[in-house]
Amino acid sequence: MISYLANIPVASGSVSAGIKDPSVAKTFSVLRFENPDGIIFANLGAHHDVENAKRAVDLLEANALQIHLNAPQEIVMPEGDRDFSMWLTNIEKIVREIEVPVIVKEVGFGMSRETVQQLASVGVKTVDVSGTGGTDFIKIENTRRVMDFYDFLEGQWGQSTVTSIVEAMSLPEDIRPQIIASGGVKNPLDIVKALALGADLVGMSNRFLRYFRETHQLESTLNQMISFKDFTRELMTLAGAKTIAELRQKDMLLGSDVQNWCQARGIDWQSYANRSRLKRN
């Protein structure tokens with residue numbers, strides 16, 4: 001498996017199908033078969049209970065469980081859920097009772113600091129803010145509809161990964177969970193920017209999946225993934241940072257859209273441009 005060869009964790013799609021229909025369970029368990037020593041995240045929706053969470057982890061022999069939040073997708077999905085009242089309760093129970101780490105992940109619509117704080121308050125230690133700019137699940141689900149289209153929401157709902165990171169980083173450090181940045185991450189520069197803003201980890205998939213689909217060349221795809229890791233190190237060298245901790249002390253100028261967002265939300269965007277001076281003081 002590519003991710004194993006490149007020493008990169010891999011996350012499955014939603015295991016709901018494998019739980020509902022045992023005949024397709026092998027399409028999920030194959031991840032562990034092909035990747036016996038790698039890090040694998042199982043994935044399940046927030047409407048599932050603890051027992052289903054345990055089944056998902058067992059099916060993939062997963063190292064961690066991603067619980068995805070996809071309310072906008074559910075609203076547009078013709079057969080989607082409309083009641084999200086138990087999501088936070090389910091998450092709290094799963095965090096408390098499951099043995100592997102739990103990651104709560106958006107699916108491309110971003111998170112506010114209030115959402116991140118609410119998740120942290122029920123014991124979530126890692127949050128993937130997954131902002132706009134990548135796969136648009138509203139657009140995907142809208143194409144499945146035969147009436148009452150939601151085209152007015154396509155590309156219009158949610159917030160970017162950058163603003164989501166800035167939102168999360170505005171929380172006090174003692175209550176802020178570990179932050180994963182994904183959604184619209186397309187190249188090594190995006191990776192470095194996300195790390196510099198404060199993300200602990202960065203996730204991406206679309207770039208590599210598209211490349212493999214177009215080329216059908218496993219080795220070439222693997223080489224591109226390894227190159228991304230090399231490019232990231234080189235960009236950190238250009239920034240004069242040996243470590244991610246040092247990278248977060250480098251000055252950053254946020255774009256005007258992000259500045260406006262921060263001003264409206266009461267977030268000190270100017271501190272990013274003066275981090276090296278503030279550190280010295």
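Trainee: How many bridges join strand E5 to strand E6?

Mentor: This is a predicted model, where local features need pLDDT of at least 70, side-chain atom pairs count only at pLDDT 80 or more, and totals for chains, interfaces and linings use all residues. Residues are numbered from 1 along each chain as its sequence is written, and side-chain values use heavy atoms, with hydrogens and water left out. Helices (H or I, at least four residues) and strands (E, at least two) are DSSP runs, numbered from the N terminus. Strands pair if DSSP finds at least two bridges between them; E5 (residues 126–128) and E6 (residues 178–181) run parallel, and the bridges joining them number 3.

Trainee: Which residue in E7 is the bridge partner of Ala181?

Mentor: E6 also runs parallel to strand E7 (residues 201–202), with 2 bridges. In E7, Ala181 has as its partner Val202.

Trainee: Why do the buried residues of H4 line one face of the helix?

Mentor: Buried means under 20% relative accessible area (1.4 Å probe, protein chains only). In H4 (residues 50–60) these are Val50, Asn52, Ala53, Ala56, Val57 and Leu60. They line one face because their directions from the helix axis to the C-beta atoms fall within an arc of 165°.

Trainee: Which residue caps the N-terminal end of H4?

Mentor: Look at the backbone nitrogen of Glu51. A side-chain oxygen lies 3.3 Å from that nitrogen, and the capping residue is Asp49.

Terms used:
Buried < 20%, exposed > 50% of the residue type's maximum accessible area, 1.4 Å probe, protein only. Polar contact = N/O pair within 3.5 Å; in protein donor to acceptor, adjacent residues only side chain to side chain.
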